[in-house]
Amino acid sequence: MSDNIYKQLYDITNENIINSGSSFMNKEISFIYYCCNNPFTVDISEVLKIEATNEEFIQIVYLALLNRPIDPDGYDAWAAYFNLPQDEFRRNAIYGISNCPEFLICHKRIYNNIPVYYHENDVTENVKQPNIFLRGAYKVYRHCPKPVKKIFKKTAGRLL
């Protein structure tokens with residue numbers, strides 16, 4: 001029922017945007033995903049099950065993990081990989097976005113996140129990725145006084 005309402009909202013909004021001479025940034029499937037899911041949590045196993053093209057999937061992942069639509073530069077960067085097999089593209093998209101510094105400040109609760117923490121290119125199976133260290137460091141960083149934050153920034157560079 002609610003999917004149908006969101007579809008109708010999308011159609012009305014999309015029509016109005018087209019009539020104004022522009023185009024809607026997100027595809028219908030990513031709009032409906034964002035409307036129907038909790039913005040504070042993400043179940044990665046459910047995101048991986050969504051039937052979508054690679055182009056639609058990257059929009060969904062940005063909305064799911066970063067709480068924002070994909071920017072034109074980000075879209076152009078990911079467009080070079082749209083021809084990858086769907087499973088490979090999805091793992092790379094989730095892995096790449098979940099390891100960016102912006103993801104650290106989104107404060108998302110992630111569930112069923114094996115694709116987030118493990119990557120098939122690891123030499124040893126089940127080796128945790130460095131983003132776990134960055135998350136811990138960021139939590140400490142957020143509660144430090146300004147002089148200590150400066151030391152963190154000099155030490156960690158642009159990661160924080």
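## Close-up views of helix packing and salt bridges

**View 1. Helix 2 against helix 4.** The axes of helix 2 and helix 4 come within 8 Å and cross at roughly 25 degrees in this predicted model. Because angles under 35 degrees count as roughly parallel, helix 2 and helix 4 are described as roughly parallel to each other. Their crossing is right-handed. On the side of helix 2 the contact is made by Ile 29, Ser 30, Tyr 33 and Tyr 34, and these meet Glu 56, Gln 59, Ile 60, Leu 63 and Ala 64 of helix 4. Sorted by class, the contact of helix 2 with helix 4 has six nonpolar, two polar and one charged residues.

**View 2. Helix 4 against helix 6.** The axes of helix 4 and helix 6, the latter formed by residues 86-98, come within 10 Å and cross at roughly 25 degrees. That angle makes helix 4 roughly parallel to helix 6, and helix 4 passes helix 6 in a right-handed crossing. From helix 4, the residues Asn 54, Phe 57, Ile 58, Val 61, Tyr 62, Leu 65 and Leu 66 take part, and they meet Gln 86, Phe 89, Arg 90, Ala 93, Ile 94, Ile 97 and Ser 98 in helix 6. The residues of this contact of helix 4 with helix 6 divide into 10 nonpolar, three polar and one charged.

**View 3. Helix 4 against helix 5.** Here the axes of helix 4 and helix 5 come within 11 Å and cross at roughly 135 degrees. This angle makes helix 4 oblique to helix 5, since an angle has to be over 145 degrees to count as roughly antiparallel. The crossing of helix 4 and helix 5 is right-handed. Glu 55, Ile 58, Gln 59 and Tyr 62 of helix 4 make the contact together with Gly 74, Tyr 75 and Trp 78 of helix 5. By class, the residues of the contact of helix 4 with helix 5 divide into four nonpolar, two polar and one charged.

View 4. Lys 7 forms a salt bridge with Glu 28, and the closest N and O atoms of the pair are 3.7 Å apart. Lys 7 lies in helix 1 (residues 2-19) and Glu 28 in helix 2 (residues 28-36), so the pair ties together parts that are 21 residues apart in sequence. Lys 7 counts as partly exposed, at 33% relative accessibility, and Glu 28 also counts as partly exposed, at 27% relative accessibility. The pair belongs to a network of salt bridges in which Lys 7, Asp 11 and Glu 28 are linked. Asn 4 also lies in helix 1, where, at 44% relative accessibility, Asn 4 counts as partly exposed. Asn 4 and Ile 32 are 28 residues apart in sequence, and their C-alpha atoms are 9.2 Å apart in space.

View 5. Glu 46 forms a salt bridge with Lys 49, the closest N and O atoms being 3.4 Å apart. Both Glu 46 and Lys 49 lie in helix 3 (residues 44-49), where they are three residues apart, about one turn of the helix. Glu 46 is partly exposed, with a relative accessible area of 43%, whereas Lys 49, at 59% relative accessibility, counts as exposed.

Notes:
Residues numbered from 1 in each chain as written. Predicted model: local features only at pLDDT ≥ 70, side-chain atom pairs only at ≥ 80, totals over all residues. Heavy atoms only, no water. Salt bridge = Lys/Arg side-chain N within 4 Å of Asp/Glu carboxyl O. Helix = DSSP H or I, 4+ residues; strand = E, 2+ residues; numbered from the N terminus. Buried < 20%, exposed > 50% of the residue type's maximum accessible area, 1.4 Å probe, protein only. Axes fitted to C-alpha atoms, helices over the stretch in contact; angles between N-to-C directions. Parallel < 35°, antiparallel > 145°, perpendicular 65-115°, else oblique. Left-handed = near helix turned anticlockwise from the far one by under 90°. Contact = heavy atoms within 4.5 Å. Nonpolar A, V, L, I, M, F, W, Y, C, P; charged D, E, K, R; others polar.
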